[in-house]
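Dear colleague,

Here is the structure I promised to hand over, with my notes placed below it. Please keep it open while you read.

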Amino acid sequence: MNRKYTYVWVSLVILVFGIIFIPKIVDRLKSGHVVETDRMNTAQETGNLSYVLLNGKKRKVPAFEFTNQDSLIISDKDYLGKVFVVEFFFTRCPSICPIMTKNLITLQNEFKENDNFGIASFSITPDFDTPKVLKEYAEKYGITDMDWHLMTGDSDKIYDLANSGFNIFAAEMADAPGGFEHSGLFALVDKEGYIRSRKDKFGNPIVYYRGAITEQMEENSQGEEEQISILKEDIKRLLEE
């Protein structure tokens, strides 16, 4: 066949394909009707719980030992074999702490029948937050889980645990609400003491979960979405491991 006519036929085939199929592909993308063969399953990808790494090694909760609201000595060893959530707070916090505590109460109630779930709350104002003050705080908010320890102790050790151990910011700042600045993040720890998290849509660990936005709020004023709902899912996954 003449080369000229071959080119003409190829051009016609491409033209027909474009007229018939490209509009259909566009419509599927607009409607969201994309099957598994078209893309990676984002829900499955974000559901994978990864280890948080430090210098290429799985990051583990550092050893700690503090006093809880019942004046009992609690250490990291008390949490081995349990999936637990970590926060840094203070009882006189006028801003995000009440929201964080409300979210943790939600988790407490969600997993109240599971003996392998716990919560670790470390006060960043330990000089004021004595066991007695922490006990009153627990009673005020309805903290009843025997594995939810509100802890106080040496200030330097608590700040080192927050900033170096977990890399969750906490500092005394005169201009901050209540005189202290701290992150509203929750850390999720597995039964072996390793910090875990799900991955984002790009395949990277989110590392920590937003603790200062409730499920009912859905998002904050900066447009950040709540993550308590996904934290519940991830706790369940770790409990099943």
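First, some words on the source. This is a predicted model, in which local features need pLDDT of at least 70 and side-chain atom pairs count only at pLDDT 80 or more, while totals for chains, interfaces and linings use all residues. Residues are numbered from 1 along each chain as its sequence is written, and side-chain values use heavy atoms, with hydrogens and water left out.

The chain as a whole

The protein chain holds six helices and 13 strands, where helices (H or I, at least four residues) and strands (E, at least two) are DSSP runs numbered from the N terminus. Of its 241 residues, 41% count as buried; here buried means under 20% relative accessible area, exposed means over 50%, and partly exposed lies in between, with a 1.4 Å probe and protein chains only. The accessible surface of the chain comes to about 13900 Å², and 53% of that belongs to carbon and sulfur atoms; such areas come from the Shrake-Rupley method with a 1.4 Å probe, and for residues only the protein chains shown count as cover. Among contacts (heavy atoms within 4.5 Å) between residues at least 6 apart in sequence, 70% join residues at least 24 apart.

Phe66 sits in strand S4, residues 65-67, and counts as buried because its relative accessible area is 4%. Leaving out residues up to four places away in sequence, Phe66 touches several residues, among them Leu72, Phe122, Met151, Asp154, Lys157 and Leu161. Phe66 and Asp154 are 88 residues apart along the chain, yet their C-alpha atoms are separated by 7.9 Å.

Val189 belongs to strand S11, residues 185-189, and its relative accessible area of 0% is why it counts as buried. Its contacts, again without residues up to four places away in sequence, include Val61, Val83, Phe84, Phe166, Tyr194 and Leu238.

Apart from neighbours within four places in sequence, Cys97 is in contact with Phe89, Phe90, Tyr137 and His182.

Salt bridges

A salt bridge is taken here as a side-chain nitrogen of Lys or Arg within 4 Å of a carboxyl oxygen of Asp or Glu, and by this rule the count comes to ten.

Lys236 forms one of them with Glu110, with the closest N and O atoms 3.4 Å apart. This pair links distant parts of the chain, since Lys236 is in helix H6 (residues 228-239) and Glu110 in helix H3 (residues 97-110), 126 residues apart. Lys236 counts as partly exposed because its relative accessibility is 39%, and Glu110 is also partly exposed, at 36%.

Lys232 pairs with Glu215, and their closest N and O atoms are 2.9 Å apart. Here too the pair links distant parts of the chain, with Lys232 in helix H6 and Glu215 in the loop between strand S13 (209-210) and H6, 17 residues apart. Lys232 is buried because its relative accessible area is 14%, whereas Glu215, at 26% relative accessibility, counts as partly exposed. Glu110, Glu215, Lys232 and Lys236 are linked in a network of salt bridges.

Glu136 and Lys132 form a salt bridge in which the closest N and O atoms are 2.7 Å apart. Both residues lie in helix H4 (residues 131-141), four residues apart, which is about one turn of the helix. Glu136 counts as partly exposed, at 42% relative accessibility, while Lys132 is exposed because its relative accessible area is 58%.

A patch of negative charge

Asp127, Asp154, Asp156 and Asp160 gather in a patch of negative charge on the surface. Patches are made of residues with over 30% relative accessible area and no salt bridge, with like charges joined within 9 Å and nonpolar side chains (Val, Leu, Ile, Met, Phe, Trp, Tyr) within 5 Å. Lys and Arg count as positive and Asp and Glu as negative, while His and the chain ends are not counted; the place of a charge is taken as NZ of Lys, CZ of Arg, CG of Asp or CD of Glu. Asp154, which is among the residues that Phe66 touches, lies in the loop between strand S8 (148-151) and helix H5 (155-166), and it is partly exposed because its relative accessible area is 39%.

With kind regards
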